[in-house]
Amino acid sequence: MGGMVSAQGDVYRYGILLLEMFTGRRPTDDQFKDNCNLHNFVALSLPDQGMGIVDQSALHNQVVGEATSST
């Protein structure tokens, strides 16, 4: 948004994209207010509650896909 392009910024944005994919949440969700954001949400959940933040529908699709492809 008008800032300088840098490799560090690209890496950060890629990381946020990965967090969106794993959690199924967007950085603009209503739950992320005040000082809470997607990055902090994941950081506070790891390592003890890692599976609690993973998008369960993504896990279900993976298991179904593996069962289908093995037949």
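Student: Where does Asp-55 lie relative to helix 3 and helix 4?
Tutor: This is a predicted model, in which local features need pLDDT of at least 70, side-chain atom pairs count only at pLDDT 80 or more, and totals for chains, interfaces and linings use all residues. Residues are numbered from 1 along each chain as its sequence is written, and side-chain values use heavy atoms, with hydrogens and water left out. Helices are DSSP runs (H or I, at least four residues), numbered from the N terminus. With helix 3 spanning 50-53 and helix 4 spanning 56-69, Asp-55 lies in the loop between them.

Student: Which residues does Asp-55 contact, leaving aside its neighbours within four places in sequence?
Tutor: Asp-55 and Phe-22 are 33 residues apart in sequence, yet their C-alpha atoms are 5.9 Å apart in space. Taking contact as heavy atoms within 4.5 Å, and leaving aside neighbours within four places in sequence, the residues touched by Asp-55 are Met-21, Phe-22, Thr-23 and Gly-24.

Student: Is Asp-55 buried, partly exposed or exposed?
Tutor: Buried means under 20% relative accessible area and exposed over 50%, with partly exposed in between (1.4 Å probe, protein chains only). The relative accessible area of Asp-55 is 23%, so Asp-55 is partly exposed.

Student: Why do the buried residues of helix 2 line one face of the helix?
Tutor: The buried residues of helix 2, which covers residues 38-45, are Leu-38, Phe-41, Val-42 and Ser-45. Seen down the axis of helix 2, these buried residues fall within a limited arc, taken from the directions from the helix axis to the C-beta atoms. They therefore line one face because that arc is 90°.

Student: Against which helices do the buried residues of helix 2 pack?
Tutor: At the start of helix 2, a side-chain oxygen of Asn-37 reaches to within 3.1 Å of the backbone nitrogen of His-39. The packing partners of the buried residues of helix 2 are helix 1 and helix 3.

Student: How far apart are the closest N and O atoms in the salt bridge of Asp-10 with Arg-13?
Tutor: A salt bridge is a side-chain nitrogen of Lys or Arg within 4 Å of a carboxyl oxygen of Asp or Glu. Asp-10 and Arg-13 both lie in helix 1, 3 residues apart, about one turn of the helix. Asp-10 is partly exposed at 41% relative accessible area, and Arg-13 is partly exposed at 49%. In their salt bridge, the closest N and O atoms are 2.9 Å apart.

Note on methods
Helix = DSSP H or I, 4+ residues; strand = E, 2+ residues; numbered from the N terminus. Polar contact = N/O pair within 3.5 Å; in protein donor to acceptor, adjacent residues only side chain to side chain.
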